[in-house]
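I opened the notebook to look up pockets and salt bridges. My entries follow the model.

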Amino acid sequence: MLITDELIAHAAASAPRAETDRRLPPDTAKALIAAGFARHFVPARHGGDQGTFTELTQAVAALGAADPATAWCASLMASLARMAAQLPEAGARALWETGPDTVVVGSLSPFGKAAPDGDGWRVGGRWPYISAVDHADWALLCATVEGGEPRVFAVPRASLTITDTWNSIGMRGTGSHTAAVHDLHSPAGFSFPRAALLTGDGPEDGAPCHTVPLEAVNGLSFAAPLLGAAEGALDQWTRYATTKARAATLRPGAPGPGIAALGQALARSAGETDAARLLLERCAAVADREGADITPAHTTRTLRDTALAVDILTGAVNRLLREGGTAGQSEDQPLQRHWRDINTSATHIALRFDAAATAYARPRLGITATA
């Protein structure tokens, strides 16, 4: 994966346009593809990189410091392609027939319905909140089979109806609009049980990145952009605080925060952000090392750590905005955008600390599923 200063500068410069358009600009999406996000987890036999979670986490965080929405889309491009590796060979060949840089988006929420139809399935439904859907080549969409389990279906862009529905106060640039499919015949080989993602049943090559159960890495996909958001906010705030600290030194007793207040805000938020990075980097390293052998204890710890890291990062950024004065809340300042983006994303279901805490605590406290 190629993260350059040029890519980071491009993400920062294009962020205001993405906010206004409520979707990534086409040239920004192309830059992410060129950097290797779409191919990062694609199987090697289809020309992909079969990369690591550590590398992706670091790259997404670096991009998130410039623009969290761009980083969010980059992270999900990689994550959804990893899920697409679960497809039977016929579907995988079709999806990557033009190369490994196919952009895959999607939703694992079973908003659709499916029924057997000849040699395949008949699928329909509407799926909201599909980030980067305007730039998709394929979508993975989850539908519940009548009387059965949820399945994930690979749907080509030409079969999608996209409706402009994304009007969030934060992460505006992700373009998380609604995708719909009506009465579509999905051939055999273009779907797989959603449970395969949860158990880590991977493709034949058995690469570690494809055999890690989803629960052990899903939170990383959403937390890494927020690590970048916090680091970007910290950088922006430090520039502001430097000016304020100089003014306080030259004019003791003048209105505004003093050096002690600025120093405490900086030290605490910087320390919390560093702590969150350490937590997330450990999660990524364990997934890379253990692969299919990752234990339930490691998985529930990762659930805890990704949600906890996001709680920590949100608190750090909230403190910076609170101590940033009126200037930091101006619409032309990145600080307020990073603040909106991190608070919006922290509400994602995959980052809820209450659910993660319960999953972590139950086996350690001897609580059974029925207790």
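Is D164 buried, partly exposed or exposed? I looked it up: D164 is partly exposed, with a relative accessible area of 40%. My cut-offs are under 20% relative accessible area for buried, over 50% for exposed, and partly exposed in between (1.4 Å probe, protein chains only).

**Ground rules.** I am working on a predicted model, where local features need pLDDT of at least 70, side-chain atom pairs count only at pLDDT 80 or more, and totals for chains, interfaces and linings use all residues. I number residues from 1 along each chain as its sequence is written, and side-chain values use heavy atoms, with hydrogens and water left out.

**Salt bridges.** I count a salt bridge when a side-chain nitrogen of Lys or Arg is within 4 Å of a carboxyl oxygen of Asp or Glu. By this rule I get 20 salt bridges.

I checked D164 again: its side chain meets that of R22 in a salt bridge (2.8 Å, N to O). The two are 142 residues apart, D164 in the loop between strand 5 (161-163) and strand 6 (177-187), R22 in the loop between helix 1 and helix 2 (26-35). Helices (H or I, at least four residues) and strands (E, at least two) are DSSP runs, numbered from the N terminus. R22 is partly exposed at 22%.

Next I looked at R23, which forms a salt bridge with D134 (2.8 Å, N to O). R23 lies in the loop between helix 1 and helix 2 and D134 in the loop between strand 2 and strand 3 (138-145), so the pair ties together parts 111 residues apart in sequence. R23 is partly exposed at 23%, and D134 is partly exposed at 22%.

I also noted E290 with R289, closest N and O atoms 2.8 Å apart. E290 is partly exposed at 22%; R289 is exposed at 54%. Shared partners join R22, R23, D134 and D164 into one salt-bridge network.

**Second largest pocket.** I define a pocket on a 1 Å grid over the protein atoms alone: an open set of points where a 1.4 Å probe fits, with protein on both sides within 12 Å along at least five of seven lines; lining residues have an atom within 4 Å of a point. The second largest pocket is lined by residues including P16, E19, R172 and R340. Helix 11 gives the largest share of this lining, four residues.
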